[in-house]
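The structure is shown first, and the points follow by topic.

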Amino acid sequence: MPTLLVKDSAQLLATPNDQVRYLVADALAKHGDVGAMDALVAIVKDPGASKNPNVLRMHAVQALATCGDKSALAAIEPHATSGAYLNSLTEAAIKSIQSIAERDPKAKAPAIAILRKAYPKPPDV
């Protein structure tokens, strides 16, 4: 079943059913498919009419850890650095950025810059 989900991922990620999109994103996180990157980035940027947008984003961000490249970092960055997502999405975004940097040599420098923003130096006291 996961191979079918991965094969038809772009179409399945466009469905309005959150549970289906969670399953597809989870299959992509395990099996990867760079062809799904654009659909995953679109969900991270705008989860549409999702009933639980941050959970959907979290699943998409986790899938980008295996499907994304340097170009996906811009969509993930706000969820790692803003502090507005003080939930599992922040952690998933940071881990995804790290995974992308490990797989894509071109992503290493921008990933380091993003992670520095996520963990700023504390002010001098």
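Predicted model: local features only at pLDDT ≥ 70, side-chain atom pairs only at ≥ 80, totals over all residues.

Glutamate 91 is partly exposed, at 46% relative accessibility.

- The side chain of glutamate 91 forms a salt bridge with that of lysine 95, at 2.8 Å from N to O.
- Both residues sit in helix H7 (residues 88-103), and because they are four residues apart there, about one helical turn separates them.
- Lysine 95 is partly exposed as well, with 48% relative accessibility.

- Arginine 21 and aspartate 18 are joined by a salt bridge between their side chains, with an N to O distance of 2.8 Å.
- Helix H3 (residues 18-31) holds both arginine 21 and aspartate 18, which lie three residues apart, or about one turn of the helix.
- Arginine 21 and aspartate 18 are both buried.

- A salt bridge connects the side chains of glutamate 77 and lysine 117, at 2.6 Å from N to O.
- This pair ties together distant parts of the chain, with glutamate 77 in helix H6 (residues 73-81) and lysine 117 in helix H8 (residues 108-118), 40 residues apart.
- Glutamate 77 has a relative accessible area of 18% and is therefore buried, the limit being under 20%.
- Lysine 117 has a relative accessible area of 48%, so this residue counts as partly exposed.

**Packing of helices H4 and H5**

- Helix H4 (residues 37-45) and helix H5 (residues 53-67) have axes that come within 9 Å and cross at roughly 145 degrees.
- The H4 and H5 crossing is left-handed.
- On the H4 side, the contact is made by Met37, Leu40, Val41, Ile43, Val44 and Lys45.
- On the H5 side, these residues meet Leu56, Arg57, Ala60, Val61, Ala63, Leu64 and Cys67.
- Sorted by class, the contact of H4 with H5 comprises eleven nonpolar residues, two charged residues and no polar ones.

How values were computed:
Residues numbered from 1 in each chain as written. Heavy atoms only, no water. Salt bridge = Lys/Arg side-chain N within 4 Å of Asp/Glu carboxyl O. Helix = DSSP H or I, 4+ residues; strand = E, 2+ residues; numbered from the N terminus. Buried < 20%, exposed > 50% of the residue type's maximum accessible area, 1.4 Å probe, protein only. Axes fitted to C-alpha atoms, helices over the stretch in contact; angles between N-to-C directions. Left-handed = near helix turned anticlockwise from the far one by under 90°. Contact = heavy atoms within 4.5 Å. Nonpolar A, V, L, I, M, F, W, Y, C, P; charged D, E, K, R; others polar.
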